[in-house]
Amino acid sequence: MNTEAMSLQDFRDMLQQMSSDVAGRDLTDEDRVRRAKKAFAQKLNGHRAVDMDTCLQCGMCAEACPFYEATQDERYAPVYKFRPLRRFYRREMSPMRWFYRPFTRDITVADLKEWQHLVYDACTGCGRCDMICPMGIKISAAIRVMRHGLAGAGFVPSEMRIIRDEQRDKNTLFGVGPEQLKALVQKLGTQGINVPLDREQADVMLLTTAIEILLFPDAFAANAKILNKAGADWTIRSDAFEAANVGIITGDDPTMDLAVKRIVDKANACGVKTLLTPESGHAYQMLRWEGANEMGEPLSFDVLSMPEFIAAEIKAGRLNLTPQSNGASVTYHDPCRLARKGGVMQQPRDVLAAMGLDVRETPANRRENYCCGGGCGEFVLKSAAELRQKAFEIKKNEIDETGADAVVTGCANCRVNLMIGAENSGWDTPVTSLVETVAANLAD
Amino acid sequence: MRNDQFLGEYLRMQGVSRRGFLKFCSATASLMALPPSAVGQVAEALATARRPSVIWLSFQECTGCTESLTRSHAPTVESLIFDAISLDYHHTLQAASGYGAEEARMAAMEENAGKYLLVVDGSIPLGNPGFSTIAGISNLDMLKETAENAFAIIAVGTCAAFGGLPRANPNPTGAVSVSDIITDKPIINVSGCPPIPVVITGVLAHFLTFGTIPELDALGRPAAFFGQNIHDRCYRRPFYERGQFAETFDDEGARKGWCLYKLGCKGPTTYNACATLKWNGGTSFPIQSGHGCLGCSEPNFWDKGGFYDPLSAGMWGSRDALLGAAAAGAALGVGSALAARSRKKKAQAAEEV
Amino acid sequence: MTLLEFASGPGLQWALWIFVFGITWRVVGAVFLLARKDLSKPRHRNTVRAGLGAVLSRSTPAHAFEKKIRFQHFTGYAWHFALFISVLFFAPHILFFKSVLGFSWPHLPNTIIMVTAIIATAVLIALLVRRATHPVQRFISNADDYISIFVVLVPLVTGILAFAHFGARYETLLAIHLLSVEAMMIWFPFGKLMHTIMTMPARFQAGTAFGRRGVKA
């Protein structure tokens, strides 16, 4: 079994080969509209209702969206991205629906088709629009409901559908399953890195992602080193290791719930006290903030991202980092779902500073940070390639402005996207991982 | 004075000097907003005018209009006018009474058919003719009868012009104005409660001078006196603009003579000459004396909100109705939300793959 | 009944009734859709503070966005301040509010009100032009947006005209002004003007949702 890290080129080839033409399920137009409406009805609640009834149509959200900024295409205004949802809400669920109905167009299958591009290609759910709205509307949440509707109507883009089906039916992702994890664990064992695989009971359960296993096994190894150094009582399960959740990426609730359930059930069975998410933005969002809601009850364990864990271990004295003396400068790219949507912003910086690195901030940072352009699984979509690259250019310019020697990030998806963007534009600033940097600076 | 005698002749006989007569003519001219050059025309017209017959009918009234008109302490414009007309019938002022008085009225009507002026004060009750009668004749009948051959009608006071106090909610007597009953004669509404005396005499003077009805506004009032509202001519207007208001009748603002808008002054929507001509020979007018304008020259002024409620408070009704509206809205809101939630539940229950 | 009597009497009564009824209906109907309780473990217990914080903080843009939305930010404030001063601090208006609410507050001189009313009108027209010409706003705007501007613009203009006694008889101007305000009150619950009420709950819920995750909304 090949346990070497896949090259970026091979990964890109693999993505390229994913078909963008796989026919979805066979549904009539009426069925699609009905299913979209059902999906909308499932997700509309008091919060979304208040949001939609507050929108001023001021258009400021466009000024926050990297896709609008990169193209000046007004269709990419975030408020427009959930327009069919608003029409549905007004016509069928808003308090004054009887008044609005005669004046509001019903949604059509043509609308849903048209919105597929806006919602999947031109939106990563980064939530920057949430931050600018003077009314405090959670625009990204409404766009997420749009995804849900499009998924229900069978309009998930082909590439995403492929990996969704794979995760749902085979419990693998990009062909990465238990066998691949075991092979990697074995290989790390030969390098002196111990990974306690498949323990029945443990305090800490680590997760990983297919991308980590394929492209960034060093990040996985780094996590193992950190945990071992901190003396944690930990494990990783070959039957519940995949932190990535294609359900949230596509807007497919059953898959979303299923992927979460697999992990939570196993963590409960192992008596886990702390669940650790690897370098992945949406994994943190899914487990830390949405897991309990998916399961219908509070989680019986804490969910921590690696930066939080590392910072806590340093504070407790169980981890020490060697300050670097070369005064290298870095800038930290905040993954949207870890920072703006997750609340983990300070710990990565503290950890980097603890290693003596000169941490420089991009003009837009922390909760206002620019999306890498490829988050939320968008990197698989060929139809989004051009937009992604344009959004990446904005991020690239921000990083260049800092003059930092390297960019560090805490999400494998961001990392891949930054690397692909760099390759496309001939950018030579190194893209590195937080955990790998920490693992390389662990004091004895 | 005989009816066929010229007024000029009559005045001379009364001892009014030429100079006094011309003074009267210039005062009259300026009252009617005529230029100084018109004084000669007024003098000529009045000198050669014949004293017209005037029949004054008093219906549901308080006699305030007559009181206003006759309050004079010395020879004034008002009294001269009385000398200029032949007041052939007036309950308060006439010497005759009983059948004699009614006969005088009928005689005047016959002799001056088509030429006499009918002055009316007080409203006319339509609810029951018995509410107000004169010599056993109902107000309605007497008005119709007397108006038939009149040249024109002057409705003096807000009661005659618009119905006035008796017409106020709930109008128990079914009171109406003169113009509600007579529709085929020219009517000049000289409203006010009471009207300013010189306004009444000014109308008469115009009639004497030109033999015609003066220019009227949309409510039939002489535009010369009712063409501008109190607010625009009020000397306290600068305080309104600067936002200095009396909040109570005895506070610092009241004592300093600040604007009375907050205390219910209806000046902005009231048209009359009070702010310029004033009362009691130009002594004062309500606002100057520290009380807001009641709007007494306007129709329905008794029912246009309280006298002490500011104009902009509106007459929109009760606050309780609004509480009811909120309750109704909340109920509908809950109902619509519950219906939406049930749809949501149904959508969540049926999960297709 | 004259036009003014209708406008300040039954017209106003009905408009106020629909205003209150409609607003309550819409707010309750939206909020009462409710939402499932968030079962995740919050970083901060006291999310109410975060909610209230967002109500205030969203009044100014975050640093990264300042330059981009500068025009809208400043004209938006100019518009709202000018409008509020004209509506809320003109003595005759305050007396009307007192008749509805039962309490009043100090007023400003009329000349200041005249200035702010003219500023408000000018700014609103500028914003209307922007909405019709700026690519994003023009693209996303619909009838509701334009009607909402119109029903506020007419009371402003007619109010200025009535105040200046310009254009027709004062009673007519005043009646038209009142009727235009009544039209606005009737439209209010059904259109975008509801943002006046909704802004608070929307910002508040953003504050609590982000606050529980440790992010300043």
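1. Domains of chain B. In this predicted model, chain B splits into domain 1 (52-223) and domain 2 (230-313). Their C-alpha centres are 28 Å apart. Where they touch, domain 1 of chain B gives twelve residues and domain 2 of chain B gives ten. On the domain 1 side, helix H8 (157-162) and helix H10 (197-210) of chain B each supply at least two residues. That side of domain 1 of chain B holds eight nonpolar and four polar residues. It has no charged residues.

2. Chain C against chain A. This contact takes 50 residues from chain C and 46 residues from chain A. On the chain C side, the elements giving two or more residues are helix H2 (10-31), helix H7 (135-140) and helix H10 (195-211) of chain C. H10(C) provides the largest share, nine residues. By class, the chain C side counts 27 nonpolar, eleven polar and twelve charged residues.

3. Chain B against chain A. Here chain B contributes ten residues and chain A contributes seven. The chain B side divides into four nonpolar, three polar and three charged residues.

4. The largest nonpolar core. This core has 295 residues. Which residues have the most contacts inside it? From chain A they are Cys61(A), Leu150(A) and Met205(A). From chain B they are Leu118(B), Val120(B), Ile153(B) and Ala155(B). The largest share of the core, 13 residues, comes from H2(C). H2(C) also gives two or more residues to the side of chain C that touches chain A.

5. A look at Leu118(B). Leu118(B) is among the residues with the most contacts inside the largest core. Which residues does Leu118(B) touch, leaving aside its neighbours within four places in sequence? They are Ile55(B), Leu57(B), Thr146(B), Ala147(B), Ala150(B) and Ile153(B). Ile153(B) is itself on the list of residues with the most contacts in that core.

6. A helix pair in chain A. Helix H21 (residues 385-402) and helix H22 (residues 412-425) of chain A pack at an angle of about 95°. Their axes are 10 Å apart. An angle of 65 to 115 degrees counts as roughly perpendicular, so H21(A) is roughly perpendicular to H22(A). H21(A) makes the contact through Arg388(A), Gln389(A), Phe392(A), Glu393(A) and Lys396(A). H22(A) answers with Asn417(A), Gly421(A), Asn424(A) and Ser425(A). By class, this contact has one nonpolar, five polar and three charged residues.

Conventions: Residues are numbered from 1 along each chain as its sequence is written. Chains are lettered from A and ligands numbered from 1 in the order in which they are written. This is a predicted model: local features need pLDDT of at least 70, side-chain atom pairs count only at pLDDT 80 or more; totals for chains, interfaces and linings use all residues. Two residues are in contact if their C-beta atoms, placed from the backbone, lie within 7 Å. Helices (H or I, at least four residues) and strands (E, at least two) are DSSP runs, numbered from the N terminus. Ala, Val, Leu, Ile, Met, Phe, Trp, Tyr, Cys and Pro count as nonpolar, Asp, Glu, Lys and Arg as charged, and the others, Gly among them, as polar. A nonpolar core is a set of buried Ala, Val, Leu, Ile, Met, Phe, Trp, Tyr and Cys residues joined through C-beta atoms within 7 Å. A residue is buried if 20 or more other C-beta atoms lie within 10 Å of its own, exposed if 12 or fewer, and partly exposed in between; C-beta atoms are placed from the backbone. Axes are lines fitted to C-alpha atoms, for helices over the stretch in contact, and angles run from 0 to 180 degrees between N-to-C directions. Angles under 35 degrees count as roughly parallel, over 145 as roughly antiparallel, 65 to 115 as roughly perpendicular and the rest as oblique. Domain bounds come from an automatic or database domain assignment.
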